[in-house]
Amino acid sequence: MFARVLESDASCNGRFFFGVTSTGIYCLPACRARKPRPENVRFFPTCEAARAAGLRACKKCHPDDFARGADPVLADIETLVAEVRAAPQNFAEARAIVRRSGFGATRLFELLRLHYHTTPADLLLRARLAAAKTRLLETRETLAATAAEVGFESLSVFHAQFRRLNGLTPAAYRELLGARTFAITLPEGYALGYLRRALSRDIHSMNERLDGDRYESAVRLSGGPTLLRLILSPTTITAEIPSGSAIEAHPLVVGLLGLDQDAAAFARLAKKLGLARLVAGRPELRITQTPSIYDGLLWAIIGQQINFPFACLLKRRIFERAGERLDGGLIAAPTPAAVAALDPADLLPLQFSRQKAGYVVATSRLITEGRLDLAALRELSATRAERTLLAIRGLGPWSVNYLMMRALGFADCVPLGDTGVTSGLLDLLKLEERPDVPATRRLMAMFSPYRSLATAHLWQFNQPIPT
Ligand SMILES: [Zn+2]
């Protein structure tokens with residue numbers, strides 16, 4: 001805990017408080033005030049416990065506000081982001097966001113990086129593209145008009161950025177309405193071998209299969225479970241959705257391919273750090289996103305603390321028990337309602353531990369009872385999403401960060417305690433011994449704000465490069 005205090009680790013806020021006996025003050029782990037000497041520090045689970053020990057709340061980090069759920073700086077940033085997303089055309093450039101925020105540029109960069117894993121420019125770009133997508137589908141205005149309405153300075157910039165993050169042109173996007181098939185153009189150098197590895201790694205899967213260049217998966221769209229077929233090639237992915245709408249399948253395919261991740265920026269950072277070997281042979285590696293947030297959640301609970309093949313087996317069994325089989329044999333993921341209707345005891349014969357069975361069913365019930373809104377998590381700040389998920393019994397820091405990087409698309413997550421990450425660091429940095437959690441946290445800090453991609457590269461670091 002003291003190591004986290006020295007790092008001003010905001011992810012520990014609320015998990016404990018620390019008091020300084022020499023000053024009589026208690027603080028949040030993230031407090032930026034001068035660091036205390038270790039012999040003067042005491043730790044407390046709550047503010048009440050710190051006050052009972054005769055300490056007063058710090059006036060810099062306001063631990064009582066935080067404990068009450070009030071976090072005024074975070075709330076300011078969330079309001080600002082909501083404004084940008086609601087009306088990106090009101091911000092001519094990233095500097096306009098800085099001016100609107102009331103923070104200095106350096107401070108705003110730090111806060112957006114911490115709470116949203118992004119920069120003002122990237123926030124603005126994504127807000128403009130999201131607004132453009134809505135206009136493309138809901139209006140018949142020209143592309144030039146759409147570009148101008150959402151704040152792009154030129155049609156060519158709009159076109160290039162839209163294509164980079166969505167894999168198709170704005171005009172092609174508009175045509176997805178009512179279509180059954182569409183083509184995604186891959187970025188140059190796309191790591192197709194790694195995509196194949198990701199799409200075929202679940203050896204027991206009844207949900208997806210990769211056969212040559214043909215990938216099929218049973219996905220859920222608003223109309224129910226349906227088949228998604230992808231034909232893979234080095235330059236283009238052709239998607240077919242025999243029933244259901246291409247407009248709904250498109251974000252799912254973008255997620256599978258990881259198209260909206262900034263692989264190039266991470267590769268540049270790795271080189272700048274003198275760690276080009278981390279990205280060698282795969283500068284374009286992406287994180288394959290799970291087909292839905294609930295899929296990711298199931299996988300994060302099932303996969304914790306057991307080996308990978310056994311996790312795949314448990315996943316297959318719960319899909320067989322509660323999922324929906326399509327013609328052709330693939331099984332779509334169970335819905336939260338289907339799992340919520342199970343008794344945890346139903347999962348014991350499938351070799352779920354009593355605890356894991358309890359967590360899977362209880363979390364699904366939180367969703368069906370309206371106490372956990374999965375779709376809303378994507379819109380939240382990373383900080384708020386992390387707090388929401390950590391409050392759920394059965395989700396620890398590993399599962400939460402895994403879910404945030406694999407299902408919610410957050411860019412700066414580390415699943416602490418992950419053996420793939422520690423093995424990768426051990427070899428990459430030629431360490432004497434496997435890093436423990438504080439050491440992992442310290443070492444991974446250099447990869448911020450791209451720690452999710454760093455994690456993906458570390459997972460592959462000791463693996464042979466696919467052909
Ligand atoms: Zn403080």
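# Helices, a sheet and a core

Student: At what angle do α4 and α7 pack, and how far apart are their axes?
Tutor: The angle is about 40 degrees, and the axes are 8 Å apart. This is a predicted model, in which local features need pLDDT of at least 70, side-chain atom pairs count only at pLDDT 80 or more, and totals for chains, interfaces and linings use all residues. Residues are numbered from 1 along each chain as its sequence is written. Helices (H or I, at least four residues) and strands (E, at least two) are DSSP runs, numbered from the N terminus. Axes are lines fitted to C-alpha atoms, for helices over the stretch in contact, and angles run from 0 to 180 degrees between N-to-C directions.

Student: Why are α4 and α7 called oblique to each other?
Tutor: Under 35 degrees counts as roughly parallel, over 145 as roughly antiparallel, 65 to 115 as roughly perpendicular, and the rest as oblique. Set the angle of about 40 degrees against that. α4 and α7 are therefore oblique.

Student: Which residues of α4 and α7 meet?
Tutor: Val-81, Val-84 and Arg-85 of α4 meet Leu-123, Leu-124, Ala-127 and Ala-130 of α7. To be in contact, two residues need C-beta atoms, placed from the backbone, within 7 Å. The residues of this contact split into six nonpolar, no polar and one charged. Nonpolar covers Ala, Val, Leu, Ile, Met, Phe, Trp, Tyr, Cys and Pro; charged covers Asp, Glu, Lys and Arg; the others, Gly among them, are polar.

Student: What makes α4 roughly perpendicular to α6?
Tutor: Helix α4 (72–86) packs on helix α6 (105–116) at about 90 degrees, with the axes 11 Å apart. That angle makes α4 roughly perpendicular to α6. In this contact, Val-73, Leu-74, Ile-77 and Val-81 of α4 meet Leu-111, Leu-112, His-115 and Tyr-116 of α6. Seven of the contact residues are nonpolar, one is polar and none is charged.

Student: How do you know that His-117 is buried?
Tutor: Count C-beta atoms, placed from the backbone: 20 or more others within 10 Å means buried, 12 or fewer means exposed, and in between is partly exposed. His-117 has 23, so it is buried. His-117 sits in the loop between α6 and α7. Its phi is near 55 degrees, a positive value in a residue other than glycine.

Student: Is Gln-305 buried or exposed?
Tutor: Gln-305 has 12 other C-beta atoms within 10 Å, so it is exposed. Gln-305 is in the loop between α15 and α16. Its phi is also positive, near 65 degrees.

Student: How do you know that the peptide bond of Ser-448 and Pro-449 is cis?
Tutor: Look at omega: it is about 5 degrees for this bond. Pro-449 lies in the loop between α24 and α25.

Student: Why do β5 and β6 stand at the edges?
Tutor: The order in the open sheet of five strands is β5-β9-β8-β7-β6, with antiparallel pairing. β5 and β6 each have a single partner strand, so one side of each is left without a neighbour in the sheet. From one strand to the next, the twist averages 25 degrees.

Student: What makes β5 and β9 a pair?
Tutor: Two strands pair if DSSP finds at least two bridges between them. β5 and β9 have five, in the antiparallel sense. Ile-184 has Ile-237 of β9 as its bridge partner. Four bridges join β8 to β9, also antiparallel. These two strands form a hairpin, with three residues between them.

Student: Which side chains of β9 are buried?
Tutor: Ile-237 and Ala-239 are; they point to one face. Helix α12 lies across β5, β7, β8 and β9, at about 30 degrees to β5.

Student: Which residues have the most contacts inside the largest nonpolar core?
Tutor: They are Ala-239, Val-253, Leu-403 and Met-404, in a core of 105 residues. A nonpolar core is a set of buried Ala, Val, Leu, Ile, Met, Phe, Trp, Tyr and Cys residues joined through C-beta atoms within 7 Å. α15 gives the most to this core, with eight residues. Beyond four places in sequence, the contacts of Ala-239 include Phe-182, Leu-228 and Val-253.

Student: What makes α22 mostly covered?
Tutor: Eight of the ten residues of α22 are buried. Leu-403 and Met-404 are among them. The cover includes α15, α21 and α25.
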